[in-house]
Every structure is written in C-alpha cells, then in structure tokens.
Amino acid sequence: MSVPMIRLSNARKVYRLRRRMFAPTEELVALNNLSLDVAEGQTLGLVGESGCGKSTAVSVMLGLLRPDAGDVEIAGKKIGEMAVADRVRLIQPVFQNPNASLNPVKRIRSLIAQPLRLHGGEDEKRNVSHMMDLVGLPTRLADAHPAELSGGQRQRAAIARALILNPKVLICDEPTSALDVSVQAQIINLLLSLKKELGLTMVFVSHDLGVVEHLADRVAVMYLGEKIEEATTDTLFEAAQHPYTLALLAASLLPDPDIGLPKQTLGNAAADPFAVNKGCLFAPRCPIVQESCQHVAQSLRPVNDSLVRCDKA
Amino acid sequence: MTDATAETTRASIWRKMRSNTGVVIGGTLLAIIVAIAVFAPLLSPHDPIAQDLTRRLLPPFWHDRSVPEHLLGTDHLGRDYLSRLLYGARVSLGVGLGVTFVSGVIGITLGLLAGYFGGRIDMVISFAITTRLSLPIVLVALAAVALGGASLVTLICVLGLLLWDRFAVVSRAAAQGLRHQEFIMGLHAIGAGLPRILFLEILPNMRATILVVVSLEVANVILLESALSFLGLGVRPPTPSWGLMISEGRDNILFDPWLIALPGTAICLLVLAVNLFGDGLRDIMGPAKR
C-alpha cells in the first residue's frame, strides 16, 4: 500500500482543567494514542458519542491543534511542519452547523471566494460560479447573506468554500446533523458525488450510524479518546465485535414505526472522562464486563476482519 | 449583479431610515449642526472673537433694546453671540468626534483582544478596564491639563485616553460570544491571520452595537467638553466653545439669562440629535431586523 493520505500515529491530546475554582487540575485525555490511516480516495467514518474526542481529532487533523504526542501526516508530510498555505490547499473542513460556520455579515460570494482571496489569485468570479454550480447552489444567491439561505443551501455554500482551493482531503465534522432529514440526504448525495468527481479523501465524523453506513468505506469507533473498533463498513455493520459498537448499533433508529424505540443497553449515564480506571475504559458501562476488565488495559487486536479493543469479544 | 444588489440593499436601508422618526429628526438636526460647523465662517455675521466694549451685553432680537446687527446680542466683551454660537459648534463636534475616534480605536482593540484570547490577556485588560473605571475623569483631566496646558489637542488626547472603557466592555463581550463559533475555526483552517479575524470578521458582526456606543460616547463627550470648558480645563478663551460661553455668562445670569440659555439650548439640541440618530440607526441595523 502506498502512503496513506491521512495518517495519525499515536496522537495524544490532554486537556488540563479545573472543575471548580481552586480545585486541583485534572487531566482529561481527549485523544489517547489514536492511530488512523485513510488511503487516498477513501472515506473514513469516525463515530462515537458526544465527548469521545471526535472534535479534538478533527482539530488535530486540520492542524489547528498540536497533539501532545504522536504525529499527524497528510499526504506523507507532517502537518505541524507544513506551511500554512500548503496545509490550506491540502485539507479543508466542513462543519456541523452552517449557521455558525459562515460569517453572518458577509455575502455568499465573498464567503466562497475567501480562501482564494487569501491564497489564490486565480480568476475569482469564474471560480465562484463554477463552485456554486458544482455544489448545486443557484448563482443568483451569490450576493445574498447567509441568513437569507436555507440550512441546506448554507451547507452547500460551506462545501463550496471548502472545495474552492481544490483540497485533496475534506474533513466533515457532522455536516448533516444540524439539517432536516430530507436535506441531509441531499447533502450526503452531494458529498458522495463530489468525492467521486474530485477524488476526495474524506473523514466523516458523525454519530448518525445510518449516514456513516451510506458514506464511509471504513469506520472507526471511538470511546473516551480511544479507538475501540475499526473495520470496513460492511464488516462493522454486519459483524460488530466490541460491546460498545453493538450498543451503538442497537441504539440507532430504524425508519419503521412498528419497531418502536430501541432498547437501551448502556444505562442512562454518559461516559465520564475523569473517572478513568486502570483497566478497560468502557468497563463501567459494559454489559459483558468481567472482573479482569477492571484491571487489565485492553489493546487493539484483530478479530476476524476487524480491529477490536476487547479481549472478550 | 453585485452593484444592483448592493444598490437595492442600500435603497432599503435608506427607505427604513426615512420611515424612522428618530433618525429623521435626529439626522436632520445633526446635519444642520454639522453644516453650521463646516460653514461657520460663511454664516457668521461677525468675527467671533472681535470685541466691541461699547456694545456689551446687548440682548437678542426678541428684546426691546436689541440691535439688528447682533441678532442674538453680544456677550460681556461685546462679541457677537450668534457668531460665537456658530463657531462653537465646531469645537463641540470636533471634540466629540475626535475623542470618540481615539477612544474607539483603543477600546475596540483592547476589548477584541481580551474577548478573543480570554485567559491571562483578558485578566490584564479587564483589570485595566476596572482601573480606568475607578479614575475620576474630571480630576485626571484637571491634572493632565495642568501638566500639558489647556488646548484642544490636549483635551482630545486626555479624554480619548479616558473614555475607551465602554467600547472595550462591549467589544470584549461580542468577541467572547463569537470566538467559539465554527466560522472562526474555519478561518483558522483557511489560514486567516489574527488581525483579519479580529478586525475584518468579528468587528463587522458588532457594528450595530458599536454604533450605539459611538452615539452615546459622542453625546457624553460633548457634555464633558462643555463641563471641562466651564471649569476652565478645556478650550481656552477666546476660542468660542458652548461650555466656555456658559461659564463666561455665569456672572450675568440674573439680568441677562440668554447668555446661558442660548449655548445651553445648543448643547441640548446637539446631544439630543446625536442620541436620536444613534438609537434610530441601531433599530434599523440591528441584526434581528436583517
């Protein structure tokens, strides 16, 4: 295999914070030696519940946050050593909330053109209308403010802005979760066709498993900053191994009202990033937990076609 | 296409301005006063500092003893009161705008830095704001004028260095609210530099708020200039300033009350105009209305 387009090797990011004034600082491990490889043209789905480090992983991949340890390489070059102009032309983000990711006082034309104005110099007008065509945005909206657009149109504008410098990598941080379901499908199909047309490598962060199944080639599941399972999309959705992945899959809603609400298997408590034990991080909530899980740290091991961080699976 | 749309936006703002009573009244008044200030030499019938001791304390036109040459009478040195009032608009407006500009630049820069970075920088700047709020303006101005001598430039510098707190507080709050928005992260991702993010991206988001603060500050400064001139700390005689005119008319308040009433009314009208205009503009440009 050639050099992967995106490679995180043992990236670690720790936040030190106080929960109360004068309380001793505590460490929150947002990324715990996360390693990811995404081959060129592939899409990696990154899933996990809120607070599991997905957004930190995004910031680290974009080069906006320097990991405490480990490396991030894009196209074989370390992102920390890359010039800003090179980085910008290589990797671009699409954010969750198109209401917040576009400056409300600017016009769509200048929002889309801004990366060009900062770095390009190519024919701006032609480029902007070309990008608007590409993402299916009527050119008459070029002089509108973001507030005058619908959520889906705003997300299209955000995608156009991200793609105007022809980056090789697109990092999508939950690009559909702020949108209506009908619009979600349009944006997903747009991303799929863009990926095919432009040969994009994508990382798709989401907690909507249905979307990930539709878009991703491989899926990595995160829990409290660790990758707990990684497999191809088909393998993961047919034969998930880790109890957390199984619980996530069981919790997703299916489009059939007769099935009713999915049964909760993990209890009502969310993951507590501070209550870190020596053993498996998932042990406090695990349905198949055993005595040894409390003490023995788990490491990733291959099970069938997957990488799984659990020795009981 | 750009021009057409820009024109329609401009046209709609213009339409909204004309239907807002505050903007119409305040704006008209303000425009008249600005015109007076600009064209004072053309409008004034006399030299504002030429004395004529034989014609002291002449009353204005509605009085029996009035002289047609001096429409609004003369002061205790026989200077034409109308000319002095017209020239006085220059001082009031000049000081008001000059001070607001200086304090605005200082306050907005500090506030944006504090709000955007937070942490230690915010602590230092917030402490500076608190320190500034605890300074009595008149006393500090007194000390500064005593050291630097009373002049228009000293006055503008001193007040500009003292009155930036409101700008700082407002822009700090706005920057705090915006710094975690995704578009800021997006700007980092396209490699935008700090000055661009602060002044070209965050600042335009708070122009409505800044506009209100500007109108409050201009009004405040005009009053303050009058007060300082009245105390002898501001504009030096014989430069005509409305505050100074009130101060000079003080001795004759009993028999010639117009000496105070006229410049007082002028100050009142100008402050009213600025406030009406600023309030109206805020209503029009408020983000909720767009």
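Predicted model: local features only at pLDDT ≥ 70, side-chain atom pairs only at ≥ 80, totals over all residues.
Chain B contains 13 helices and zero strands. Read from the N terminus, its elements are accordingly written α-α-α-α-α-α-α-α-α-α-α-α-α. The C-alpha trace of chain B spans about 75 × 50 × 25 Å along its principal axes. Of the 290 residues in chain B, 43% are buried. I would also draw your attention to the sequence separation of its contacts. If we consider contacts in chain B between residues at least 6 apart in sequence, 72% of them join residues at least 24 apart.

Helix α8, residues 165–178 of chain B, packs with helix α11, residues 207–230 of chain B, at an angle of about 170°, and their axes are 10 Å apart. Angles over 145 degrees count as roughly antiparallel, and α8(B) and α11(B) are therefore roughly antiparallel to each other. From α8(B), the contact uses B:R166, B:F167, B:V170 and B:A174, while α11(B) contributes B:T209, B:V213, B:L216 and B:E217. By class, the residues of this contact of α8(B) with α11(B) are five nonpolar, one polar and two charged.

Let us move to the place where the chains meet. The contact takes 22 residues from chain A and 17 residues from chain B. On the side of chain B that touches chain A, α1 (2–18) and α9 (182–189) of chain B each supply at least two residues. Which of the helices gives the most to that side? The answer is α9(B), with six residues. In composition, the side of chain B that touches chain A has seven nonpolar, seven polar and three charged residues.

The next topic is the nonpolar core. The largest nonpolar core has 155 residues, and the members that touch the most others are A:M61, A:I112, A:A160, A:V203, A:F204 and B:L159. Helix α4 of chain B, residues 81–117, provides the largest share of this core, with 16 residues.

Two of those names, A:I112 and A:A160, lead us into chain A. Setting aside neighbours within four places in sequence, A:A160 is in contact with A:I112, A:M131, A:M132, A:L134, A:V135 and A:L137. A:I112 is also one of the buried residues of helix α3 of chain A, residues 108–119; the others are A:I108, A:R109, A:L111, A:A113, A:Q114 and A:P115. The buried residues of α3(A) pack against α2 (84–90), α4 (124–134) and α5 of chain A.

Helix α5 has a further partner. Helix α5, residues 151–163 of chain A, packs with helix α6, residues 181–198 of chain A, at an angle of about 20°, with their axes 10 Å apart. That angle makes α5(A) roughly parallel to α6(A). The crossing of α5(A) past α6(A) is right-handed. In α5(A), the residues involved are A:G151, A:G152, A:Q155, A:R156, A:I159 and A:L163; they meet A:V183, A:Q186, A:I187, A:L190 and A:L194 in α6(A). The residues of this contact of α5(A) with α6(A) comprise six nonpolar, four polar and one charged.

A:N166 is not a glycine, yet has a positive phi of about 55°. A:N166 sits in the loop between α5 and β7 (169–173) of chain A. Is A:N166 buried or exposed? A:N166 counts as exposed, because it has 12 C-beta neighbours inside 10 Å.

A:L224 likewise is not a glycine and has a positive phi, of about 50°. The loop that holds A:L224 runs between β9 (218–223) and β10 (226–232) of chain A. With 23 other C-beta atoms within 10 Å, A:L224 is buried.

Finally, A:A85 lies in helix α2 of chain A. A:A85 counts as exposed, since it has 12 C-beta neighbours inside 10 Å. Not counting residues up to four places away in sequence, A:A85 touches A:H119 and B:G191. From A:A85 to A:M202 the separation is 117 residues in sequence and 20 Å in space, C-alpha to C-alpha.

Thank you for your attention.

Terms used. Residues numbered from 1 in each chain as written. Chains lettered and ligands numbered in written order. Axes fitted to C-alpha atoms, helices over the stretch in contact; angles between N-to-C directions. Helix = DSSP H or I, 4+ residues; strand = E, 2+ residues; numbered from the N terminus. Parallel < 35°, antiparallel > 145°, perpendicular 65-115°, else oblique. Left-handed = near helix turned anticlockwise from the far one by under 90°. Contact = placed C-beta atoms within 7 Å. Nonpolar A, V, L, I, M, F, W, Y, C, P; charged D, E, K, R; others polar. Buried ≥ 20, exposed ≤ 12 C-beta atoms within 10 Å, placed from the backbone. Core = buried A, V, L, I, M, F, W, Y, C linked by C-beta atoms within 7 Å.
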